[in-house]
Amino acid sequence: MKKRILSILLACCMCFSLAACGSGKEEVSAGTKMKDGKFVDTVKISVEVYDRGNDGGSDPTNNMYTDYIKKGMLDTYNVEVEFVAVSRWEEVQQINNLLAGGTAPDICLTYDYPTIQTYAGMDGVLELNQYLDEYKDMLPNLWNWLGDTNIYWDKDPNTGELWAIEGKRADVKRINTFVRQDWLDKLGMKAPTNAEEFEKMLVAFKDNASKLLGADADKMIPFSMSYDVGWRAATLIESYLDPKMSDKEFYVNGFDDRKYTENGTKEAVRLLNKWYNNGLIWKDFALYGSGDSTEDDMIKAGYVGAFIHNWDYPFRNGEDSIQANLKRIVGEDAAFVAVDCFPNSAGEYAKHAYSTAGDRKLFFPATNDEPLASLLYLDWISDPEHIEYLQIGDEGVTHKKLDGGGVAIIPATGAAIQNSGQNIDYTITCNGLNLKNPEDTKKSAAYNYAGVDPSYVQTSIEVALNDAVSVKNVNVGAIAAEEGMGSPLGEKRDIAYDKSVIASVADFDSVWDANMQDYLKAGGQKIIDERTQKWEATFGDSDMLP
């Protein structure tokens with residue numbers, strides 16, 4: 001009830017705010033004055049940046065990289081930039097609140113497109129076509145980097161409206177399975193190559209807790225995951241999907257990137273349920289929410305034998321990375337290594353990689369009365385030279401040159417610390433290492449994690465790309481049933497996954513089925529039905545994309 005009341009209040013606040021300020025389009029076009037490529041009068045804009053709450057990290061709104069951007073924008077365009085921190089772990093809720101209150105930054109980003117659609121339907125978001133067309137000649141870096149594909153990725157094919165542009169993924173690697181190499185060595189075991197061997201490995205970890213952890217044997221966790229089962233068991237879940245699944249079927253269920261309604265997911269979770277009931281999975285995994293450090297702390301302390309996560313997760317955060325902590329706490333040989341161990345029915349280690357689009361969605365709220373300055377900001381950070389600096393910083397401070405070309409990231413301190421891999425929180429049009437010289441990018445990839453043996457990173461790269469398939473873009477226009485449903489359905493999905501994993505083996509089917517019906521009744525079925533209808537209206541009887 002409290003959430004419902006809050007939603008009504010926010011909606012009312014949003015309507016009042018929009019009525020008060022209008023769209024701002026007419027005012028900006030008439031008032032823009034530039035000379036020699038710079039604004040005559042200083043223009044001020046605000047930009048969203050994620051706050052990841054990193055222990056020992058730098059201030060996301062005030063550090064070496066924000067200074068670089070601020071100086072560059074002021075010198076180049078006479079634009080003053082202010083950064084506004086938004087929690088990475090509560091970004092959808094916070095962006096909703098900011099948009100509803102009329103206080104959102106001029107440049108916003110989110111992974112949740114339905115949020116943008118919701119406020120676009122309330123005239124709360126600027127339609128970008130007119131600005132991109134009018135100022136195209138002033139945005140060479142943005143167009144060269146993103147191209148038509150990413151800029152028009154979300155353009156409605158029916159109305160022509162464009163509410164957001166997509167950042168580009170320079171790196172399409174997504175998720176890997178990691179196991180403790182030193183534990184395998186101590187037990188004389190080879191890395192698992194299928195689910196059966198993976199399970200036997202987990203059992204061996206559990207049965208040999210005293211040998212592996214000594215006095216801390218009672219802290220043994222063979223396999224760890226979080227409340228976000230759909231993400232943290234992705235390689236297993238995707239191995240259960242039909243390798244011959246049609247594009248239509250995948251799209252119809254694709255509104256949920258955790259694969260909850262896909263055929264095959266239930267059987268993958270059944271296996272997780274078995275492992276949980278056999279004491280192979282962290283018993284408290286469902287109790288800790290987004291942003292909580294409890295699980296990471298256990299992994300860093302050396303109590304966990306295996307987990308599934310982002311392809312480079314053990315290597316992130318420099319001296320506070322999982323790998324670095326294991327070395328300090330456990331010993332030089334302690335390390336996680338990426339493995340391929342969940343083949344699908346075709347014998348392939350199929351895993352869903354990212355497409356080059358489908359990254360963060362960049363949009364301007366209706367309260368933005370400086371769309372040109374905002375687009376110039378996106379152009380400035382899309383300059384290859386600026387991307388490179390933001391990703392690797394200063395030589396001797398954040399990186400060193402390699403003998404064979406490329407760079408190696410070194411531990412940084414203070415304001416030079418990057419709070420996200422490759423500093424993607426500032427290179428919001430670029431996700432993944434992308435140096436000016438493509439050959440340098442290749443040579444640097446395995447050396448891009450301070451304090452980590454490059455061989456582990458290289459293995460992780462190879463595993464993440466093995467049999468990887470990028471998700472295709474399907475654009476059939478806006479799906480009205482999805483508006484405003486991203487957050488509530490996501491919460492239901494996570495709870496449904498958690499309940500299904502921890503249910504007794506005997507109750508698994510009834511728990512799974514009951515939660516699925518609740519999810520579908522809450523809005524999931526309407527989305528599936530509308531996606532089906534829109535697909536058929538666009539592609540007819542074809543089940544595959546042309």
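Me: Before we go on, where do the numbers come from?

Reply: This is a predicted model, so local features need pLDDT of at least 70 and side-chain atom pairs count only at pLDDT 80 or more, while totals for chains, interfaces and linings use all residues. Residues are numbered from 1 along each chain as its sequence is written, and side-chain values use heavy atoms, with hydrogens and water left out.

Me: OK. Which residue stands opposite Phe336 in β11?

Reply: That's Arg180. Further along, Val179 stands opposite Val337. Both belong to β8, residues 175-180, and β8 runs antiparallel to β11 (residues 336-339), with 4 bridges joining them. Two strands count as paired if DSSP finds at least two bridges between them.

Me: What other strand does β8 pair with, and over how many bridges?

Reply: β8 also pairs with β10 (residues 304-310), in the antiparallel sense over 5 bridges. There, Asn176 stands opposite His309.

Me: And is β8 mostly covered or mostly open?

Reply: Mostly covered, with 6 of its 6 residues buried. Ile175, Thr177 and Val179 point one way, Asn176, Phe178 and Arg180 point the other way, and all are buried.

Me: Let's switch to helices. Which residues of α15 are buried?

Reply: In α15 (residues 294-301), they are Glu295, Asp296, Met298, Ile299 and Lys300. The general rule is that an α-helix has 3.6 residues a turn, so residues three or four places apart point the same way.

Me: What covers those buried residues of α15?

Reply: The cover includes β9 (221-224), α11 (229-232), β10, α16 (322-329) and β11.

Me: What follows α15?

Reply: Gly302, and its phi is positive, near 95 degrees.

Me: Which residue other than glycine has a positive phi near 55 degrees?

Reply: Asn423. Most residues other than glycine have a negative phi. Asn423 is in the loop between β15 (407-409) and β16 (430-431), and it is buried, with a relative accessible area of 0%. Asp467 also has a positive phi, about 60 degrees, although it is not a glycine.

Me: Where is Asp467, and how accessible is it?

Reply: Asp467 is in the loop between α20 (454-465) and β17 (468-470). It counts as partly exposed because its relative accessibility is 33%.

Me: New topic: what is the strand order in the open sheet of 3 strands?

Reply: The order is β5-β13-β6, with antiparallel pairing. The edge strands are β5 (108-110) and β6 (165-166), each pairing on one side only. Between β5 and β13 (residues 361-363) there are 3 bridges, and Leu109 has Leu362 as its bridge partner in β13.

Me: What about Tyr389, where does it sit?

Reply: Tyr389 lies in helix α18 (residues 384-392), and it counts as buried because its relative accessibility is 16%. Leaving aside neighbours within four places in sequence, Tyr389 is in contact with Met64, Tyr65, Tyr68 and Asp394. Contact means heavy atoms within 4.5 Å.

Me: How far is Tyr389 from Lys436?

Reply: They are 47 residues apart in sequence and 9.8 Å apart in space, C-alpha to C-alpha.

Me: Last one, zooming out: how many helices and strands are in the chain?

Reply: There are 22 helices and 17 strands. Of the 546 residues, 53% count as buried. The C-alpha atoms fill a box of roughly 75 × 55 × 45 Å, taken along the principal axes. Among contacts between residues at least 6 apart in sequence, 76% join residues at least 24 apart.

Methods: Buried means under 20% relative accessible area, exposed over 50%, partly exposed in between (1.4 Å probe, protein chains only). Helices (H or I, at least four residues) and strands (E, at least two) are DSSP runs, numbered from the N terminus.
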